[in-house]
Amino acid sequence: MIGRLNHVAIAVSDIDAATAVYRDTLGAEVSGKVEQTEHGVTTVFINLPNTKIELLEPLGEQSPIAKFLEKNPSGGIHHVCYEVDDILAARDQLVARGARVLGDGEPKIGAHGKPVLFLHPKDFLGTLTELEQA
Ligand code: CO
């Protein structure tokens, strides 16, 4: 069902400092900063030859990553994102196999303008798992 690894997301408290680590220390190609108001995060994408790293900084008071950063003040891996061909078919198969979809269960438009869903970390080895329609 799942296809390519689309990205690994890392939550950070200072996205400028985090971007500098990837750009200046690791020598990676980085995107500009985008405020995703409806998702409560500011994002920067690191473009690697085979996948991406998504840096996430909290935006606003209701940011969904605020609690994560309280527990992990120096930042940490927040989720992984896999591509699927058909997000509704993937969701229905996963629900039939006992997985829990977060929120109302309906795909939202994610950071790349494509439909995404998040799966409960307790069902996937303690890892918040995002699916994105390829
Ligand atoms: Co993501």
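The donors of the cobalt ion are spaced along the chain as H-x46-E-x24-H-x50-E. The model is predicted. In this predicted structure, four residues coordinate the ion: His 7 and His 79 through NE2, and Glu 54 and Glu 130 through OE. The four donor atoms subtend angles of 85 to 172° around the cobalt ion, so the arrangement is irregular. A tetrahedral assignment would require all angles to lie between 85 and 135 degrees. His 79 belongs to strand E6, residues 76-84. Glu 130 belongs to strand E9, residues 129-133. The pair therefore ties together parts that are 51 residues apart in sequence. Both His 79 and Glu 130 are buried.

Glu 130 also takes part in the lining of the largest pocket. This pocket holds about 540 Å³ of space. Its lining comprises 26 residues. Those nearest the pocket centre are His 39, Pro 64, Val 116, Phe 118 and Glu 130. Several strands contribute to the lining. At least two residues come from each of E4 (41-47), E5 (52-58), E6, E8 (115-119) and E9. Strand E8 gives the largest share, with three residues. By class, the lining consists of 11 nonpolar, nine polar and six charged residues.

The second largest pocket contains about 300 Å³ of space. It is lined by 13 residues. Phe 68, Lys 71, His 78, Pro 121 and Leu 128 lie nearest its centre. Helix H2 (66-71) and strand E6 each supply at least two lining residues. Seven residues of this lining are nonpolar, four are polar and two are charged.

His 78, one of the residues nearest the centre of the second largest pocket, is located in E6. His 78 counts as buried, because its relative accessibility is 15% and the cut-off for burial is under 20%. Along the chain, His 78 and Ile 53 are 25 residues apart. Their C-alpha atoms are separated by 11 Å.

Helix H1 spans residues 15-25. Its buried residues include Ile 15, Ala 18, Thr 19 and Tyr 22. Viewed down the axis of H1, the buried residues fall within an arc of 100°, so they line one face of the helix. With 3.6 residues a turn in an α-helix, residues three or four places apart point the same way. Asp 24 and Thr 25 lie on the other side of H1 and are exposed. Arg 23 is also placed in H1. At a relative accessibility of 41%, Arg 23 counts as partly exposed. Arg 23 and Ile 46 are 23 residues apart in sequence. In space, their C-alpha atoms are 8.3 Å apart.

Two loop residues were also examined. Gln 62 sits in the loop between E5 and H2. Its relative accessibility is 74%, so Gln 62 counts as exposed. Gln 62 and Val 30 are separated by 32 residues in sequence. The distance between their C-alpha atoms is 26 Å.

Leu 125 occupies the loop between E8 and E9. Its phi is near 60°, a positive value in a residue other than glycine. Most residues other than glycine have a negative phi. Leu 125 is exposed, with a relative accessible area of 85%.

Note on methods. Residues are numbered from 1 along each chain as its sequence is written. This is a predicted model: local features need pLDDT of at least 70, side-chain atom pairs count only at pLDDT 80 or more; totals for chains, interfaces and linings use all residues. Side-chain values use heavy atoms; hydrogens and water are left out. Donors are N, O and S atoms within 2.8 Å of the metal (3.2 Å for Na, K and Ca); water is not among the atoms, so sites may look incomplete. Four donors count as tetrahedral if all angles lie between 85 and 135 degrees; four count as square planar and six as octahedral if opposite donors are over 155 degrees apart and all others between 65 and 115; anything else is irregular. Helices (H or I, at least four residues) and strands (E, at least two) are DSSP runs, numbered from the N terminus. Buried means under 20% relative accessible area, exposed over 50%, partly exposed in between (1.4 Å probe, protein chains only). On a 1 Å grid over the protein atoms alone, a cavity is a set of points where a 1.4 Å probe fits but cannot get out, and a pocket is an open set with protein on both sides within 12 Å along at least five of seven lines; lining residues have an atom within 4 Å of a point. Grid points are joined across faces, edges and corners, and a volume is the space filled by probe spheres set on the points. Ala, Val, Leu, Ile, Met, Phe, Trp, Tyr, Cys and Pro count as nonpolar, Asp, Glu, Lys and Arg as charged, and the others, Gly among them, as polar. The arc is that of the directions from the helix axis to the C-beta atoms.
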